[in-house]
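Work through the exercises below with the sequence and the 3D structure at hand. Each task is followed by its solution in steps.

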Amino acid sequence: MTDDQTPGRVKEPVIYQPAGAVVTETPLITGEHNYQTIDNTIGNVVLNQRGHPAQWFMVFGVAFLWVNIMLVAFCWLLYKGVGIWGINIPVGWGFAIINFVWWIGIGHAGTLISAILLLLRQQWRNSINRFAEAMTLFAVMCAGLFPLLHTGRPWVAYWLFPYPNVLSMWPQFRSPLVWDVFAVSTYITVSALFWYLGLVPDFATMRDKARAKPIKMLFGMLAMGWRGSAQHWWRYETAYLILAGLSTPLVLSVHSVVSLDFAVSIIPGWHATIFPPYFVAGAVYAGFAMVILLAIPIRAWYGLKDFITMKHLDWCAKIMLATGLVVFYGYLTEAFYAWYGGDRYEFAIMHDRWFGAYWPSYWLLILCNGLTPQLLWSKKVRYNVPALFIISLIVSLGMWLERFEIVVQSLHHEYMPSYWGMYYGTIWDYATFFGTLGFFTFMMFLFVRYVPMINMFEMKDLLNRITHFPRHAHEGDGHEEPGLGAAKEHA
Amino acid sequence: MQNNEHKRLDLKEVRAKLEGKRGPQYWRCLEELAETEEFQEFLLDEFPQQARGLMPEMDRRKFLMLSAASLALAGLSGCRFLPARKIVPYVQRPDEIIPGKPLFYASVHPFNGDAIGIIVTSHEGRPTKIEGNPDHPASLGATDAITQASILNLYDPDRAQNVTNLGQISTWDDFLKAARDTLARPGGGAGLRILTGNVTSPTLADQIATLTGRYPGTKWHQYEPVNRDNVYAGTRLLFGAPLNPVYRFDRANVILSLDSNFLLSMPGHVRYAHDFGNARRVRSKAVSTNQPAHNTMNRLYAIDSMPNITGAMADHRIPVRASEVEAVAFALAQQLGVAGVTAPGPLPASVPPQWLSGLVQDLQANRGACVVVPGDHQSPAVHALAHAMNAALGAAGTTVVYTDPVEISPADNMASLRDLVNDMQAGKVTMLLIIGGNPVYDAPVDLNFKDQLTKVPLTAHLGLFDDETSARCRWHLPETHYLEAWSDARAFDGTTSIVQPLIAPLYDNRSAHEVLSELTDTPGTSLDIVQGYWRRTRPSPTFDAFWEKVVHDGLIPGTALPARTPAAGRAAAITPSPPSPSIGGGAGGEYEIAFMPDPTIWDGRFANNGWLQELPKTLSRLVWDNAAFMSFATAEALHLTTEDMVALNYRGQTLPVAVYAMPGHPDNAVTISLGYGRERGGRNAEEAGFNAYALRTSDAPWFGPGLSITKTGGRYFLVGSHMRNSINMAGRDPVQHATLQDFIKNPDFVRNDAEVHDPPLDESFYGDAHTHEHKYEGFGTYAWGMSIDNNVCIGCNACVVACQAENNIPVVGKDQVSRGREMHWLRIDRYFGTGRSNTDYLANPRTYFQPIPCMHCELAPCEPVCPVAATVHSAEGLNMMVYNRCVGTRYCSNNCPYKVRRFNFYKYAAGQPNRMPGNFDLPTIQLVANPEVTIRGRGVMEKCSYCVQRIDMARIEAKKADDGAGREIQDGEVLTACQQACPTNAIVFGNIKDANSQVKKLKDEPQDYSLLGELNTRPRTTYLAKFTNPNTAIDPADSAEAEEVAS
């Protein structure tokens, strides 16, 4: 316990002493906690609505402003047409697709944390999976807006779905855009279910803790009659495992499918077999950058440093470094094959990226995504919160530039020299992009305020394990059942 | 735990239950053995894992059933109700009109001392499309861009629609009363002046003669800014009488152009292009009667001052300043041995002596089969020298034929206008009737026409638009469009045609004939007047039959002017033109200025025509603007780049204008095209470009020295259709090219190019060649394909406008073009390149034109990426666009390597984002739309359809043939709009399954190649390589050009 001013903190008798001798370095839960303090620390953020820090209001206000700008931009877009954007022939896709790919990528960290790390029984995921999943959800919402709105006639975009109709017309299943529809809609469905399912026991806790009747009723409805019986827990765990199993391939498939939008085409700079793994790595990379970007202010503002420890940030940074290296390898491979493949169009594209009209963006990309993350080799940097924050920002920018490079730089300089062109985003392109950033922040901040942002029952479970099985607690080798005993008793 | 009240276990019951059991049983307690409800409940609560699946009541079948049902129910949203609209059918059908079936009428487009015979398509009484009249000598079935676009002027919503008096709406009667009053006054008739353009209408000339007879003292002046004064002055200088040279390029092996643009802007240019193309076409086998086997090409030399397509087609071209052409002409004439001519000065430094001697040898080797063509704007001395050379080379009478002038009463335009201005200044003019034209805008600036006009008590302007002249005249009289009133006109060789109207005047407009007939108090309709004139001149009992025939055929047979054998030339009398005196402005600068008619909007009369404004200029690719063209070297010396604003100071006048650095432009000179910078005359006209007339003076209307250029520091936004990027081919070879000599040596040079070949059909992951054959050559009778001959494409743009007119392509405006959103389905790519001997391609490049429609790839990359199957393949090989189905993802366009797909980023057809004449939601513009072609809405992709509506029209006719027995569509029955308009027949369309079709034979030519064939898209549109025919005596290295890559 470091900060008594933080809302939701209730002084409790200490029943847990970190067994320093056994648990090495930073444990997964620091400070002195029992089940009650965990519930209070996390739950009171929601229940005690008076205690929100000023930063919350500032960021939320700015985000809300951008949400409105985004709405204006969308209305104008629907009224006038996609002509308000900078797209043209030859560059038929611009900010919309760049942003779509970028946002979808960001979502991946959440899914990776909640699904793959769950299956691998990585205990450290427990403190960050809830808001990482929320992040996924909101990022996919932002992403989903773009393919819909970028169509020339968004009011008939539902034709991409295979619905029965009098014309007996199906979508054209050879098109990667149809694959996208399936990939993204599956992704958002599974992510939403996963997120909500994980929330049910916590909603029940909130219902039990809430004093005001309406709040009690609200959480009661959200908890869907959760009483914590063994049968509930058993069903919960089965469903959660099934969803984790479903989500795991999604981590790989969604961005692979998105990358096929490009790889299936014949455009030099798009037509590359390396795209699926390279996109997935990029997605996880961008996603962890966003997790760090969100975790750092939240843990500071809401006194959650006990639950989101430096250890967590360190591990996120390591994953970022690993995926960043894969991404950088992708850039090198692209360049190598442009030369080795001997295709003059491919070579011309690479030449154009390096020395053509958009050369600053390419080299900035290399700086952001290739060089900056190398700092993360140093433990000092990984344990330096401001440095991590800045590196994550740079990585986010870099990933956006990467999509810019792929989408715009490939299209603007392809086969016919007579039809080379330039692309510049218009004010509406920027309004839409920053608008979705605002929307994302807006949703995240609403989430932080109204939903328990850390998985309370899993933290309690973790506490139980740390207390009773200190040796295995954070190694996560999981000899024991993914025991829920502690939470069960409490709920 | 709900089951905390345990029922006692009744052992009897247990025993009874167990009695029925067979087989081994395992149990842990009696309750389990007895399978009591309580035990089951307990088990479920405490060890849920042991219970069966999550929802035992939902099995797999039921789950699938429910999912299917929910999906099916979701589909109900597909039902919707469309608003009902009423259409009104003909209650009494007019004769000949079958709704939905167009009618075709012959007419003629009178234009600037020339006329092109046309066939106009009429849908339910409204003209929609113009084609060339195959019987007319100036057309031979083809047209030019301006003729194609002239139909849009008819429907222009900015057209003048009312008689106005000092800007207030008035009536024809009021005007006629005012005019008659003035004329009735003593001396009123003597003060009447009539100003027209160059009149080639016999009827109009006759009417004016009648008018002058009735009001003695009346004078008729003729002025057009782009005129043939120098042609007639030159022939008068040489032959003693003004003569009209008619060139026969079909007979010429060697052509020397002395700064002429006979392919685009001379009277007769469509015919000239046709003949030129025929003599240039290379065929290894006979393709059709008009494309015989032909392995020679004519050779074109061009000495050029202005960027134009004739120079672009030349085998040898030298850029010189316009004023230097005369010196070259003198030197040439001397070397050719024209009696009495000695060169007064040295050759311009830019002309290498061996170039000239090679040319002289070539001309002399082709006596009687060569021709020298002077540019209309060149000095009279150049014209005289050219014709003296023609005489010396035996060209006169063979490759050039002289006739009397085409104008009924030829006048020196500049002198005629000067006379008028002098009379106005002297107060001798009481009434000035301006018929057509726009002299306030386009008269030479030194004549000060605008101000002298105020000295005339009664001024009236009969014009299509309420323009600058209308604003300065007391009366503005709205004129009929040529498709609204009867008239007649002579073509470049004198062939006379009747101008047949297709529609009654849209507004209360009157033709010149009708106005003049009122002034002679013999009012009549234009039909009465024109028919009356011909009845008088050709009295015959069978006149009605004659009239019907000439109107139907579109020309009066035998009216071509007879060839004159001019008297021996007085070549010795040719003296160099005097240096132009410097007017005003002191010392003057060191640069030369030249004016040229604009390749699209001409002298400004088409400035409000959206189709022409948006048509990329032939060489610069500029749209919606003109600019000061100068060479790269000159621009560099002045520290200027394209789009820099400069002030051109010339003879005391100053014009701020944007610079455009033009490859191949002569150094130290500036060329600017006419027609821009309009102040009035329609929404499109008023916003575009710079008014070159502000610098143009009467003594040097075409070029003159003494220009100074000062950089003003600003920038101007010039928009070209992808102009910056199409300078050269960037090391690629979209246009395959070789010299003729190399091609004859190595006919398979295109096929041997590893990067151009089509991969073999069976080179596929899937299936064998058999599958491909069936899938892509189609199951039926037809497999449509197109062949485009880069070698004879002159880049004239006729096809582009024809496509726009045929397919209802909207105009999008300068701003949208600048964003790369022009909508043309067919574009002409222009590349600059160079031979090996000339490394600086900016100074004097070779030019390559390549029309790019949709390739209709058999393996179209656009098709598999469309998520909704909006672009699909027909069994006949058309790559089709289903507009209704398109959701507008633009993936197809991204994946099209040729970039031929066009997207409606806005509701262009309805005038978004820029409202302008040319949008299909304007009531009048709606009338020009082709009802056979959908008008596309916002958010929809579109592209070339191979004019599928024309294919279907031919299919219907073929099926109906033989009393419904049907026949196959014959070769040549389907002409695409671009093919039909092309003056050089560079585009051929047809059925490639028919071994005897033209297109199939063209595709079998050795120089046939697929654009980007290495991508295995299997385009149905293929190209024939471009050849040059260089004179090895001039440029031995040039023959090795085939291997060279221009970049």
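**Exercise 1.** Determine how helix H18 and helix H19 of chain B are oriented to each other.

Solution. Step 1: identify the two elements in this predicted model. H18 of chain B covers residues 512-519, and H19 of chain B covers residues 526-537; helices (H or I, at least four residues) and strands (E, at least two) are DSSP runs, numbered from the N terminus.
Step 2: take the geometry. The helices pack at an angle of about 85°, and their axes are 8 Å apart. Axes are lines fitted to C-alpha atoms, for helices over the stretch in contact, and angles run from 0 to 180 degrees between N-to-C directions.
Step 3: classify. H18(B) and H19(B) are therefore roughly perpendicular to each other (under 35 degrees is roughly parallel, over 145 roughly antiparallel, 65 to 115 roughly perpendicular, the rest oblique).
Step 4: list the contact (heavy atoms within 4.5 Å). His513(B), Glu514(B) and Ser517(B) of H18(B) touch Ser526(B), Ile529(B) and Val530(B) of H19(B). By class, this contact has two nonpolar, three polar and one charged residues; Ala, Val, Leu, Ile, Met, Phe, Trp, Tyr, Cys and Pro count as nonpolar, Asp, Glu, Lys and Arg as charged, and the others, Gly among them, as polar.

Two conventions apply throughout. Residues are numbered from 1 along each chain as its sequence is written, and chains are lettered from A and ligands numbered from 1 in the order in which they are written. In this predicted model local features need pLDDT of at least 70, side-chain atom pairs count only at pLDDT 80 or more, and totals for chains, interfaces and linings use all residues, while side-chain values use heavy atoms, with hydrogens and water left out.

**Exercise 2.** Describe the packing of H3(A) and H5(A).

Solution. Step 1: H3 of chain A (residues 95-119) and H5 of chain A (residues 176-209) pack at about 40°, with axes 11 Å apart. H3(A) is therefore oblique to H5(A).
Step 2: their crossing is left-handed (the near helix is turned anticlockwise from the far one by less than a right angle; right-handed if clockwise).
Step 3: from H3(A), the contact includes Phe100(A), Ile104(A) and His108(A), and from H5(A) it includes Asp180(A) and Tyr187(A). The contact residues divide into six nonpolar, four polar and one charged.

**Exercise 3.** Describe the interface of chain A and chain B.

Solution. Step 1: 60 residues of chain A contact 67 residues of chain B.
Step 2: the two chains bury about 5,600 Å² between them, 56% of it on carbon and sulfur atoms. Buried area is the accessible area (1.4 Å probe) that two parts lose on being put together, summed over both.
Step 3: three salt bridges are found across this interface (a side-chain nitrogen of Lys or Arg within 4 Å of a carboxyl oxygen of Asp or Glu). Glu1014(B) and Arg344(A) form a salt bridge at 3.9 Å, N to O.

**Exercise 4.** Which parts of chain B does the pair Asp362(B) and Arg299(B) link?

Solution. Step 1: the closest N and O atoms of this salt bridge are 2.7 Å apart.
Step 2: Asp362(B) lies in helix H12 (residues 353-365) and Arg299(B) in strand E10 (residues 299-304), 63 residues apart, so-called distant parts of the chain.

**Exercise 5.** Locate two backbone features.

Solution. Step 1: a cis peptide bond, with omega about 20°, joins Ile89(A) and Pro90(A). Pro90(A) is in the loop between H2 (54-80) and H3 of chain A.
Step 2: Trp602(B), not a glycine, has a positive phi of about 60°.
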